[in-house]
Structure formats: C-alpha cells, structure tokens
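This report is for a reader new to the structure shown below. Please look through the sequence and the model before reading on.

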Amino acid sequence: MPGPVFLRGEVVTLRPIERDDLEFIQRVMNDPAVWRPALDIDPTNDAQIEEFYDNVLSGTDGVHCLVCADEEPVGVVSLTESQYGPDETSRARSIELAYWLAPEHHGRGYGSDAARQMVQYAFEDRNLRRVYAQIGSFNEASAALLESLGFEHEGTLRQAAWYRGEYHDVLCYGLLRDEWQQQ
C-alpha cells in the first residue's frame with residue numbers, strides 16, 4: 001500500500017516513496033521499455049535498489065514521489081537539485097524534472113498529470129525560478145509531454161547519448177516561473 005498523499009492531481013496522486021515500493025520500482029526500472037529511453041543501461045538487483053533508495057530516493061537533493069492511480073503505483077516523478085556550479089539549485093533556483101511510468105500505464109495522462117503537479121509544486125511551494133528536463137531526441141512522447149506543459153526546447157546536446165547502437169542528441173527543455181504563470 002503506497003504511503004500518504006503528498007500532492008493530488010486530476011488523475012494521479014503523488015506519494016512519498018517507501019521501502020515497500022521498491023519491488024515495483026525495481027521491476028519497472030528493469031523493463032527495457034523504461035531503462036532504454038531513460039538511458040540507464042545497467043540492471044538493478046536487490047542490493048542496488050536498496051542503495052538507490054537510501055542514497056537517492058530518500059536523499060535530500062530533491063523530491064522523489066511514487067505516482068499512483070487509484071492507490072496502484074504506476075511510476076515515479078522527481079525534482080532533482082544541482083549541487084555544484086553556476087546552476088546549483090540554491091543559487092540559480094533551478095531544478096531538474098524527471099519521470100517514468102510502467103509501460104502498461106503509458107498513454108493514460110498519468111505522466112502529464114504527475115509532471116504538472118511537480119512543476120506547480122516547484123514554483124509555488126519551493127519558490128523556484130526554473131524547471132528543466134533533458135530527454136533523448138528519440139523520445140517523442142516525452143517531448144510532447146513537456147511541450148504540453150509549456151516547456152520550451154532550449155537547446156540540443158549533439159550526439160550526447162548512446163541509444164540502441166547509435167548516438168542521439170539530447171534535447172534540453174526549460175520552463176520559467178513567469179511562463180508557467182502566464183498559462
């Protein structure tokens with residue numbers, strides 16, 4: 001059973017990730033339909049998922065939520081802070097949005113609703129100025145999701161990702177708080 005509701009969207013709820021959710025997360029992270037587009041090529045075993053939970057999902061460098069539809073886990077959505085350099089979150093007031101859904105839940109609006117809630121949270125509750133995302137150029141569904149939320153294609157990292165035997169561009173998207181407020 002997922003934890004308490006943190007944010008409520010139109011079709012999903014976002015909940016804190018608990019250790020009990022790791023079986024679902026590990027299963028989906030090992031699904032080629034998820035890890036390939038996410039450009040995360042290594043399998044995840046029990047020890048690694050525990051370490052990921054301890055160091056990332058329970059860490060203090062962002063917000064990681066389980067996406068649920070009617071109490072059923074369907075994916076994960078995250079806001080991850082930058083710790084160093086000119087884009088350090090505390091200095092630049094900028095954060096990275098990332099998300100993935102189990103393949104059997106694609107195309108139902110869950111990802112859009114989850115991302116929309118996290119963007120609103122970033123601007124209204126965390127007082128951030130900018131939310132950005134980076135995706136592989138082959139990931140048309142993710143590009144469409146970001147554009148539907150008002151994100152602008154800001155640039156391209158040419159041939160920056162290796163995917164299925166070829167180099168692909170990484171597309172950089174961003175949304176400023178002023179742009180979000182005007183929607």
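Which strands does H5 lie across, and at about how many degrees to S4 does H5 run?

## Helix H5 and the basis of the model

H5 lies across S1, strand S2 (13-16), S3, S4, S5, S6 and S8, and runs at about 35 degrees to S4. Angles run from 0 to 180 degrees between N-to-C directions, with axes fitted as lines to C-alpha atoms, for helices over the stretch in contact. Helices (H or I, at least four residues) and strands (E, at least two) are DSSP runs, numbered from the N terminus.

This is a predicted model, in which local features need pLDDT of at least 70 and side-chain atom pairs count only at pLDDT 80 or more, while totals for chains, interfaces and linings use all residues. Residues are numbered from 1 along each chain as its sequence is written, and side-chain values use heavy atoms, with hydrogens and water left out.

## Confidence

The protein has a mean pLDDT of 92 (the predictor's confidence in each residue, from 0 to 100). Of its residues, 97% reach 70 or more. Where pLDDT is low, the predicted coordinates should not be read in detail.

## The sheet

Eight strands form an open sheet with mixed pairing, in the order S1-S2-S3-S4-S5-S6-S8-S7. Two strands pair if DSSP finds at least two bridges between them. Strand S1 (7-8) and strand S7 (152-163) are the edge strands, each pairing on one side only. H1 packs on the sheet and touches S3, S4 and S5, with its direction making about 85 degrees with that of S5.

S6 and S8 pair in the antiparallel sense over seven bridges. Gln134 stands opposite Cys172 in S8.

## Helix H1

H1 is mostly covered, since six of its eight residues are buried (under 20% relative accessible area; exposed is over 50%, partly exposed in between, with a 1.4 Å probe and protein chains only). The buried residues are Leu22, Phe24, Ile25, Gln26, Val28 and Met29. They pack against H2, helix H3 (46-57), S3, S4 and S5.

## Nonpolar cores

A nonpolar core is a set of buried Ala, Val, Leu, Ile, Met, Phe, Trp, Tyr and Cys residues joined through side-chain atoms within 4.5 Å. The largest has 34 residues, and those with the most contacts inside it are Leu14, Leu97, Met118, Val131 and Phe151. Strand S3 (62-69), S4, S5, H5, S6, helix H6 (140-148) and strand S8 (166-176) each give two or more residues to this core. H5 gives the most, with eight residues.

Leaving aside its neighbours within four places in sequence, Met118 is in contact (heavy atoms within 4.5 Å) with Leu7, Leu14, Val63, Cys65, Val77, Ser78, Leu79 and Leu97. A second, separate core has 15 residues, including Leu22, Phe24, Leu66 and Trp100.

## Salt bridges

Side chains of opposite charge can pair when their charged atoms come close. A salt bridge is a side-chain nitrogen of Lys or Arg within 4 Å of a carboxyl oxygen of Asp or Glu. The whole structure contains eight salt bridges. One of them joins the side chains of Arg27 and Glu104, at 3.3 Å from N to O. This pair links distant parts of the chain, 77 residues apart: Arg27 is in helix H1 (residues 22-29), and Glu104 is in the loop between strand S5 (94-101) and helix H5 (110-124). Arg27 is partly exposed, at 44% relative accessible area, and Glu104 is partly exposed at 38%.

Arg126 forms a salt bridge with Glu81, with the closest N and O atoms 2.8 Å apart. These residues are 45 apart in the chain, Arg126 in the loop between H5 and strand S6 (130-136) and Glu81 in the loop between strand S4 (72-80) and helix H4 (89-92). Another salt bridge joins Asp113 and Arg116, whose closest N and O atoms are 3.5 Å apart. Because Asp113 and Arg116 are three residues apart in helix H5, about one helical turn separates them. Asp113 is buried, with a relative accessible area of 2%, whereas Arg116 is partly exposed at 34%. Arg19, Glu50 and Asp54 are linked in a network of salt bridges.
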